[in-house]
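Visitor: Hi! I'm new to this one, could you walk me through it?

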Amino acid sequence: MKQPTAGESKADGGDCLRPASLPFRAKSPEPGLGTNPGDPMKQLLKEIRRNPLLWLLIFVPVVFAAEKLRPESHTLLFVLSVLAIVPLAALLSHATESVAAKTGDSVGGLLNATLGNLTELVIALTALRAGEYMLVKASIAGAIVTNTLFMLGASFLIGGLKHHVQEYNRVTVRVQAGLLFLATVALLIPSAVSRADLTGGAGFTQHLSVGLSVLLIITYALGMLFTLKTHRELFASVQADHAGEAEEAPWPIGLALALLAGVTVLVALVSEVFVESVQKAAEAFGMTPAFVGFIIVALVGAAAEMASAFSAARKNRLDLSVGIALGSASQIALFVAPVLVLLSYVMGPAPMDLQFWPGAIVMILIATLTVPLVTSSGRSAWFVGVLVLMVYLVFAMTLYLLPPQAQ
């Protein structure tokens, strides 16, 4: 097997669990940074001017003002909070990439894996503290399905419209698909056992959920060890070297760390407004609670990741797009969901379990089985993306039209 070069070793850790633009960001010198106190702020302002998505940051103070002035306007607060979370997620993603680029392979991969889904985690923690367990579970299931089907399918479609055929590393897909299948089994068991009347009630389900959560977190840690350390050479990108392309240098480490802290606080505050207004707004828009949690929350939380995945696909970096989509899904299933179960004993009004409603389990299972079906060849074209997106749209339409009494 071909051993990775020094440049490829960056792709190993980044392309598997949580790759952002780390594998392809040039280590260009940053003259003057750190010597002039104005440089980091100028770099941040330049990024905001360059990226239209960050122009939505104007809605961050607007949503706080609206909450104070019109707290009863749930529909307005819902729309404003969505518009505020999207640019904050983009800033969080960029700051995470910059920190990872400075810290090297192992620590960088860990930071990408830990902080990459921070937006979804903060939203879920806010709903958990409010006792909105249906919203939490719907957002978990929705994030897995959205990343697996919508983000992956749209990446295939967007990349295929520009490039006739694209290739990617099949080993990465197989490992991620295996992790997702394991997580699906762990989510399926509590529901299947409880409905078979083989348990002693809610106490058994809660104890089983805690045990399964520990197993999933251990599996997630071992998966990171496998992909980032012991067998990293298997996950090298199959695309051509992009070293000659002009890439933006990462932000200074001080600026990136300050943004990580500040943006995390802002996301938490905006998420409180979002969770408090989402149910009332759903009624106003005629959306079912299942549709809100499964589709809306998942799309809002993954907005920045989708921007990175779609951009990489257009640049013929499909390994990066596939890694972002499937890595994010497996992290939600193996890390975020178990952590929420454990934290519910500390933060929630009552313990949360891993017992999902049957429809969510079926959708997660279909999404998990779709991945190996469409990626077995290691090649993609635009129509493959259309097929994957159609599966997602079938789910979205079903949830939107679902009668209230059926939920």
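Visitor: Which helix does T148 lie in?
Guide: T148 lies in helix α7, which spans residues 133-162. Helices here are DSSP runs of H or I with at least four residues, strands are runs of E with at least two, and both are numbered from the N terminus. This is a predicted model, where local features need pLDDT of at least 70, side-chain atom pairs count only at pLDDT 80 or more, and totals for chains, interfaces and linings use all residues. Residues are numbered from 1 along each chain as its sequence is written, and side-chain values use heavy atoms, with hydrogens and water left out.

Visitor: Is T148 buried or exposed?
Guide: T148 has a relative accessible area of 1%, so it is buried. Buried means under 20% relative accessible area, exposed means over 50%, and partly exposed is in between, using a 1.4 Å probe and protein chains only.

Visitor: And what is T148 in contact with?
Guide: Leaving aside neighbours within four places in sequence, T148 is in contact with L180, L326, A329, A367, V371 and V388. Contact means heavy atoms within 4.5 Å.

Visitor: Back to the helix, then. At what angle do α7 and α11 cross?
Guide: Their axes cross at roughly 60 degrees and come within 7 Å. The axes are lines fitted to C-alpha atoms, for helices over the stretch in contact, and angles run from 0 to 180 degrees between N-to-C directions. The crossing of α7 and α11 is right-handed. A crossing is right-handed if the near helix is turned clockwise from the far one by less than a right angle, and left-handed if anticlockwise.

Visitor: Which residues make the contact of α7 and α11?
Guide: From α7 they include L135, A138 and F150, and from α11 they include G293, F294 and L299. By class, the contact of α7 with α11 has ten nonpolar, four polar and no charged residues. Ala, Val, Leu, Ile, Met, Phe, Trp, Tyr, Cys and Pro count as nonpolar, Asp, Glu, Lys and Arg as charged, and the others, Gly among them, as polar.

Visitor: How do α11 and α15 cross?
Guide: The axes of α11 (residues 289-301) and α15 (residues 382-401) come within 8 Å and cross at roughly 135 degrees. The two helices are therefore oblique to each other. Under 35 degrees counts as roughly parallel, over 145 as roughly antiparallel, 65 to 115 as roughly perpendicular, and the rest as oblique. The crossing of α11 and α15 is left-handed. In their contact, A290, F291, F294, I295 and L299 of α11 meet Y392, A396, L399 and Y400 of α15.

Visitor: New topic: how far apart are L128 and P351?
Guide: In sequence they are 223 residues apart, and in space 9.8 Å, C-alpha to C-alpha. L128 sits in helix α6 (residues 118-129) and is buried, at 0% relative accessible area.

Visitor: What about N316, where does it lie?
Guide: N316 lies in the loop between α12 and α13. Its phi is near 65 degrees, a positive value in a residue other than glycine. With 26% relative accessibility, N316 counts as partly exposed.

Visitor: Zooming out, how many helices and strands are there in the protein chain?
Guide: The chain has 15 helices and two strands. Of its 407 residues, 53% are buried.
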